[in-house]
Structure formats: structure tokens, C-alpha cells
Amino acid sequence: MHVPFLDLKVITDSIRLELNVAYSRVMDSGWFIHGQECTAFESEFSEYTHTQHCIGVGNGLDALRMILIAYEIGPGDEVIVPSQTFIATWLAVSETGATPVPVEIDRATCNIDPSQIKCAITPKTKAIIPVHLYGQPADMDPIIEIATKYGLKVIEDAAQAHGADYKSRVCGSLGDAAAFSFYPGKNLGAIGDGGAVVTNECQLAQKIRAIANYGSEKKYHHEIKGCNSRLDELQAAFLRVKLKHLNAWTKERRTIASAYNKALPENISPFVPKWANPSWHLYVIQIAERDKIQQGLAEKGIQTLIHYPIAPADQGAYRGHSMSLKSGRYAAAHSLSLPIGPHLDYEQVQYVAKTLSTLEL
């Protein structure tokens with residue numbers, strides 16, 4: 001049996017008629033930037049995330065970067081980030097001229113360890129970026145408590161957390177602002193690229209909207225130095241279709257994760273705190289002989305991936321961070337992502353689980 005890690009065509013085919021209607025609607029309108037589709041999606045996504053404002057932008061990296069810029073974080077400032085995450089979290093900080101300061105992750109959850117944040121705070125620290133990695137919510141309450149005590153902003157990197165809940169609260173609604181990615185492979189993915197900022201701060205939303213549009217709130221009037229980062233009408237229309245299916249797709253992901261959890265030893269399957277309800281963008285196990293297990297699965301037709309094999313501090317772009325960051329590097333060396341998503345059927349899920357159980361984990 002062949003089990004692909006991800007098959008976007010299967011997902012697209014299941015809603016193709018709806019997507020075709022959305023496509024025709026945009027083509028017939030003759031309006032492709034900053035139109036009714038984007039406005040409607042922003043309203044629908046802000047409602048979905050329980051926030052007051054949503055600004056559609058070009059991608060998830062831009063969403064993070066523009067939040068930092070809007071908060072006037074830049075050269076000479078420091079921003080706390082997790083030791084293991086996709087590099088975009090660190091890049092967003094660097095692109096403002098600020099310095100990313102890594103804090104170790106909790107090995108059990110692979111998210112930033114709140115107990116180690118205080119030690120990283122200096123007079124230069126301006127914000128904390130907790131990442132809901134793999135769709136697993138970070139432990140936000142202690143992070144927000146620390147941030148409040150030291151006067152820091154909390155910016156959620158929710159790029160992988162569409163539909164995830166923390167203590168019955170929606171990820172993206174927990175900090176001062178949050179960044180989402182709509183990269184095609186995400187739980188809510190465009191057919192192209194896209195991103196969004198959500199927040200309850202009116203002034204922040206207004207400023208980010210201007211930054212994303214060449215620094216302009218009024219056409220040809222540019223009061224600030226901005227950029228061009230906009231969610232186009234076609235992607236917004238496609239996202240509106242997919243948003244209607246997101247809860248059902250998330251339910252499928254949780255069912256698959258539950259099947260894996262039952263089949264795997266407790267020390268292998270991902271640890272989920274009682275207060276977390278992941279969206280399972282990725283199902284990531286941690287194993288000592290990862291390459292051997294990955295090869296064994298591949299021989300049985302099961303495709304797996306590694307997220308992320310090189311910790312940001314060990315990338316050429318950031319080489320020079322001398323701290324040990326053992327937990328981040330451990331995750332990079334031992335993590336293996338299993339197939340998960342609405343493209344899988346029951347037989348494929350059971351096949352993966354059974355095959356894993358026969359390997360020497």
C-alpha cells in the first residue's frame with residue numbers, strides 16, 4: 001500500500017465544485033486586489049479566531065514581520081523565540097533588525113519552555129514569540145504572566161495552529177497579536193501563498209494594514225515606510241471555501257492522531273497536556289533511530305518527512321549562537337512526521353499504525 005505524506009489533489013478534488021464557483025466569482029468581478037473577497041474572508045477568519053481584526057497579507061513570514069514593525073521593534077531590540085521551530089520565526093525578527101534570542105523548548109511538547117524565559121529577558125527584550133509548533137498549543141498563561149510583569153508583547157506564531165485550542169480558547173486569540181500562514185500544505189491552505197494577522201488592538205490593525213499597502217492608508221499618501229504584502233482576491237475566495245470545511249478536517253486529523261496514539265508506545269507518541277486540543281498540522285514522533293525507522297516505513301510504501309532537521313541556531317544564517325540549546329537540537333535529530341490529514345482513508349491510517357507497531361521502536 002502507498003501512503004503519501006500529503007496529497008493536496010485529493011483534498012482539492014473533494015471541494016473542486018466549490019472552488020470553481022469561487023474562481024468564477026472572482027474572474028467575473030474583474031477585481032483582483034483589496035476587494036470584496038478579501039474583506040469577507042478577513043471578517044470570517046476574525047470570527048473563527050475570536051478576534052476583532054484580521055488583515056490578509058502575502059504570507060506567514062510577512063505577518064510576523066509586520067507585527068514586529070508595527071510595534072516599532074527593530075535594531076538594538078531583542079525578541080525571545082523558541083530554540084526549535086521553522087526558521088521563519090527567527091527570520092521575521094532578523095528582518096526588522098532586532099535580535100532573536102532563543103529559549104529552550106520543553107522536550108515533551110516541543111514548544112518554548114515558559115520556566116526558562118525569565119533568564120533570557122534583558123533591558124533590550126521587547127517581545128516573546130511563542131510558536132504553536134505542529135499545531136500543538138504553547139503554554140500561554142505563564143508566558144503572558146511573564147510578559148505582563150516585564151512589559152513585553154506576546155506575538156503568537158500560529159502558522160501551524162489553525163483550529164487548535166488552549167484551555168478552550170482559540171490559538172491566535174491569546175496574545176497581543178498572532179500571525180497565520182496559508183501556505184498550501186497548512187490545515188487551512190490557499191492554492192498559492194497567503195497569510196494573516198489577527199488582533200484585538202484597533203490601532204495595531206490599522207497600522208499593519210497600512211504597512212502592508214506601501215505604508216498608505218489613503219491612496220498616494222505614504223506616512224510610513226511600508227511594503228507590498230496583500231492577500232489577493234483569488235486566494236481569499238479559495239480560503240473562504242476551505243474555511244467552511246476546516247472544522248471537519250480538524251476532526252479528521254484528531255481521529256487519525258488518536259489512532260496513532262493507541263498504536264504507539266507512550267514514550268514515542270506526542271505528549272499532549274490536558275489543557276491542549278491540538279489541530280494536528282503535523283503528527284511528530286521522537287525516536288532514537290529515526291533514519292532507520294523512516295527507511296523501514298519507506299520500504300513499506302509509507303512516506304514520512306522530518307520537521308525540522310536542522311535547528312535554527314545551527315543554520316548558516318544563524319551560526320554563532322554558542323549556547324547549548326540541547327533540547328532544540330535533540331528535537332531536530334529525533335523528530336519524524338507521520339502522514340496525517342483529510343487525504344488519508346481509514347485503511348491507510350491503520351496500515352501506518354500497524355506497520356509502525358512491527359518496527360523496533
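Two strands pair if DSSP finds at least two bridges between them. Keep that cut-off at hand. The model is predicted.

**Exercise 1.** Find how many bridges join strand 13 to strand 14, and in which sense the two run.

*Solution.* Start with the places: strand 13 covers residues 283-286, and strand 14 covers residues 335-338. Four bridges join them. Pairing takes at least two. The two strands run antiparallel. For one partner, take Q286: its bridge partner in strand 14 is S335.

**Exercise 2.** Work out the strand order of the open sheet of three strands, and name its edges.

*Solution.* The order is 7-6-12, with antiparallel pairing. Strand 7 (169-170) and strand 12 (276-277) are the edges, since each pairs on one side only. Next, look at strand 6 (residues 165-166): two bridges link it to strand 12 in the antiparallel sense. Y166 stands opposite A276 of strand 12.

**Exercise 3.** Describe how helix 3 (residues 36-48) and helix 8 (residues 233-263) cross.

*Solution.* First, the axes: they come within 8 Å and cross at roughly 30°. Angles under 35 degrees count as roughly parallel. Helix 3 and helix 8 are therefore roughly parallel to each other. Their crossing is left-handed. Now the contact: helix 3 brings residues including F41 and F45, and helix 8 brings residues including L239 and L243. By class, the contact has 10 nonpolar, two polar and four charged residues.

Notes:
Residues are numbered from 1 along each chain as its sequence is written. This is a predicted model: local features need pLDDT of at least 70, side-chain atom pairs count only at pLDDT 80 or more; totals for chains, interfaces and linings use all residues. Side-chain values use heavy atoms; hydrogens and water are left out. Axes are lines fitted to C-alpha atoms, for helices over the stretch in contact, and angles run from 0 to 180 degrees between N-to-C directions. Angles under 35 degrees count as roughly parallel, over 145 as roughly antiparallel, 65 to 115 as roughly perpendicular and the rest as oblique. A crossing is left-handed if the near helix is turned anticlockwise from the far one by less than a right angle, and right-handed if clockwise. Contact means heavy atoms within 4.5 Å. Ala, Val, Leu, Ile, Met, Phe, Trp, Tyr, Cys and Pro count as nonpolar, Asp, Glu, Lys and Arg as charged, and the others, Gly among them, as polar. Buried means under 20% relative accessible area, exposed over 50%, partly exposed in between (1.4 Å probe, protein chains only).
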